[in-house]
Amino acid sequence: MCIAEEGGLLQDVVLALLVKEPSHGYDLRMRLAAALGPLGETLNAGQVYVTLTRLEKAGLVVLEREDAPVRGPRRKVYAPTAAGQERVAAWMAESAGPRADVAEFHLKLVAAAESGLADPLVLADTRRRELMRNLAEAQHAALAHDTNSEAGLLLEGIALRLQADLRWLEACERTWSARAPRGRGGRIG
């Protein structure tokens, strides 16, 4: 996944990270890179700053203050507006959709945990139910086609992809369950 191609996604993730606490671009970039692991290397250094500028122009974040670092330029600290918080809440409530990318959904889980606006385990469970429905539909359609046909081959590929996504969600649930503090519904603070 190239996060540069997912401008709306990056905006939503940045907003969610700001819901947890106001922050500056460098800190946001480091948090995103940590969440993405090796995929974070594709994150252009300027993307977060461009995203913050766009969010500010859209009225979704405000410049809260400027911090004077020990060295280097002053750091602009941004916070979400009420409209920004509403956008993040709406994003958390959205379905991932049938063609959701694993890295995209991973970022949504991270953003949910960071912001506290949604429980990553609930999001994973919702996604699992969507995938199970899609898998049942693909398997039903596959029964109507010869397994050696082109359509049968495509349906088999779709079913295998859905099964792999379901196994990955199991891993997500194990990880988020292990991180969930007791008594907080799976949220990470």
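**Helices α2 and α5: a short tour**

The axes of helix α2 (residues 25-36) and helix α5 (residues 102-115) come within 10 Å and cross at roughly 125°. That angle makes α2 oblique to α5, because angles under 35 degrees count as roughly parallel, over 145 as roughly antiparallel, 65 to 115 as roughly perpendicular, and the rest as oblique. Axes here are lines fitted to C-alpha atoms, for helices over the stretch in contact, with angles from 0 to 180 degrees between N-to-C directions.

A word on the source: this is a predicted model, where local features need pLDDT of at least 70, side-chain atom pairs count only at pLDDT 80 or more, and totals for chains, interfaces and linings use all residues. Residues are numbered from 1 along each chain as its sequence is written, and side-chain values use heavy atoms, leaving out hydrogens and water.

Which residues of α2 and α5 meet? On the α2 side they are Arg31, Leu32, Ala35 and Leu36, and in α5 they meet His106, Leu107, Val110 and Glu114; contact means heavy atoms within 4.5 Å. By class, this contact has five nonpolar, one polar and two charged residues. Ala, Val, Leu, Ile, Met, Phe, Trp, Tyr, Cys and Pro count as nonpolar, Asp, Glu, Lys and Arg as charged, and the others, Gly among them, as polar.

Now the whole protein. You can find seven helices and three strands, taken as DSSP runs (helices H or I, at least four residues; strands E, at least two) and numbered from the N terminus. From that end, the elements run α-β-α-α-β-β-α-α-α-α.
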